[in-house]
Amino acid sequence: DESFQVVHHVHRQAAVEVVRWKPDGSLLAIGDREVVLFDALSFDVVCELRDVLPSQKGMKKKYRIRAMSFSPDGSFLAIGGSDGICHVVESQSFALVYRLQRTSAPVSIAWGRQKIPSLGHRSYLGIADNSRAVVIFKTGIEAAHDDDDTSVFLPLSDSAKTSKGDDWVLREGSFRDIEESTEQSPDRSRAIGTITSIAFSRSKRRPNSSYLAYVSNDCSLTILSTRDWKLVLQMEFPKPIRSISFSYSNNYLALGGDEGVLYVLSVPNRSMILNMIYDSPIQTVAFSRHDERLSIGMLDGVLSLLSPNDDWNPCGEIDYSESPILCQDWCSSYLAIGRSDGSVTVFDKEKAMDGFFLPAVELSDSSMPIRSVSFGTGGRFLVFGGDAGNVSIVNRREEWSSSQIMLRRHVLATKWSPGGRYVVFTGLNQTLRMIDTLTGDEVQAIRAKYSEITKGNGDVQDLTCVDFSKCGNFIAFGCSNGGVHILRGPDWELVGPPA
């Protein structure tokens with residue numbers, strides 16, 4: 001058909017991901033690493049929307065525009081980026097009017113309009129992402145109009161001023177935050193796959209921790225309230241999360257996993273505030289003791305440091321070994337990391353935060369992977385274990401001398417109690433030992449209680465992860481069958497969801 005003719009070529013420096021026309025045909029929006037709007041007649045550049053780019057320097061090279069959509073009357077343009085953020089800009093002044101953080105990158109954005117009796121017309125924005133979720137928003141302030149009028153919003157001059165903030169409303173029933181379901185019992189929130197990481201929040205303002213969070217290789221995150229063990233929040237991710245960590249201020253929950261994306265969740269707001277993309281799957285995340293740094297250990301052997309107080313910008317990197325980093329822990333003076341090659345490296349905390357990563361000491365008891373490292377109170381003792389079936393307890397004050405406990409089974413998790421009296425080890429085939437460091441004896445009661453809990457459950461479970469509450473009154477175990485067990489000391493009675 002000769003009516004189809006090429007009238008113009010637009011060449012970009014990066015691969016173009018999405019192209020959208022404004023409904024009236026006056027503008028053409030092209031998205032690659034940024035969004036550029038062209039005049040549809042002259043094809044001159046009208047605007048380059050650089051404000052939608054991520055602020056973190058390390059993310060800009062990997063950032064891509066994944067989805068775009070103009071509103072029905074062309075007043076707004078919604079832009080979804082690979083960092084999981086959807087921006088809505090007004091299409092005359094190109095001012096930002098709304099910003100939505102999702103847990104994964106949007107893959108499709110669509111606007112729609114409904115006519116509701118007695119309420120008139122309503123406009124909605126639908127955003128789908130690759131975590132199998134769709135969120136629907138009521139968009140801005142609508143203007144009254146008759147059936148033939150396609151205008152959905154107030155005039156641009158008014159809309160640009162009033163469409164910010166509370167005018168953009170999440171449609172009821174579409175969000176995964178299940179505040180309305182707090183009566184749901186914890187056993188109904190049980191994960192399907194192996195529990196990969198578990199953590200209590202670390203609030204210093206309350207005698208008890210506020211939350212218990214755990215993730216599973218079924219790609220789910222579950223958060224319970226420790227006051228009544230009721231379900232507070234559930235989220236799903238595109239790929240399994242391997243490690244979670246609450247900040248010591250209790251303001252953030254960091255998550256990292258197989259997708260190679262670092263997520264940071266605001267605990268007070270229960271909203272995702274950061275998606276940072278890395279080149280390798282994330283194995284472990286941890287906050288330093290005063291939240292000066294967030295460290296991310298990866299499968300390619302790189303440990304990256306971020307500064308929470310500086311807009312989460314990168315501030316250091318350890319990359320001298322290609323052996324995967326499987327675990328890490330901070331104390332007030334040191335950072336310890338365990339690798340797949342069986343090594344445990346301890347760094348001086350202050351030097352590490354200044355970017356000098358010279359090991360203070362190198363520790364190793366085998367060439368088998370180290371699955372867990374944990375500092376005791378004050379950092380005097382460090383415990384670590386892994387596939388060799390041994391647990392090593394290192395005394396920093398005695399020139400890092402160590403003693404070993406032979407378990408003869410893979411050790412998957414180690415943890416000190418907050419007061420430093422107890423140290424616990426878990427692993428394959430229901431491996432569970434707790435040592436009272438005052439007496440040197442094993443606490444038999446906790447192993448007996450766990451055997452009682454799991455009696456008759458069929459297959460032998462692996463205890464994959466463990467954590468103590470900040471107050472030390474509770475200990476939680478994650479299992480390979482998706483179960484989470486919560487025990488209360490000093491008698492170690494079951495108080496949490498059943499297996």
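Reply: Five of the six residues of strand E30 (residues 381-386) are buried, so E30 is largely enclosed by the rest of the structure. Buried means under 20% relative accessible area, exposed over 50%, and partly exposed in between, with a 1.4 Å probe and protein chains only. Strands (E, at least two residues) and helices (H or I, at least four) are DSSP runs, numbered from the N terminus.

A note on the source. This is a predicted model, where local features need pLDDT of at least 70, side-chain atom pairs count only at pLDDT 80 or more, and totals for chains, interfaces and linings use all residues. Residues are numbered from 1 along each chain as its sequence is written, and side-chain values use heavy atoms, with hydrogens and water left out.

Take the E29 side. E29 and E30 run antiparallel, joined by five bridges. Two strands pair if DSSP finds at least two bridges between them. Phe375 stands opposite Leu382 in E30. The two strands form a hairpin with five residues between them. In that turn, Gly378 has a positive phi of about 80°.

Now the E31 side. E30 pairs with E31 over five bridges, again in the antiparallel sense. Here Phe381 stands opposite Asn395 in E31. Three residues separate E30 and E31 in their hairpin. Gly389 sits in the turn, with a positive phi of about 85°.

Ser392 lies in strand E31 (residues 390-395). Ser392 has a relative accessible area of 1%, so it is buried. Its contacts (heavy atoms within 4.5 Å) are Asp365, Leu382, Val383, Phe384, Ser403 and Gln404, not counting residues up to four places away in sequence.

A pocket is an open set of points on a 1 Å grid over the protein atoms alone, where a 1.4 Å probe fits, with protein on both sides within 12 Å along at least five of seven lines; lining residues have an atom within 4 Å of a point. The volume of the largest pocket is about 1300 Å³, counted as the space filled by probe spheres set on the points, with grid points joined across faces, edges and corners. Of its 50 lining residues, the closest to the centre are Gln328, Val373, Thr414, Lys415 and Val466. E13 gives the most to this lining, with six residues.
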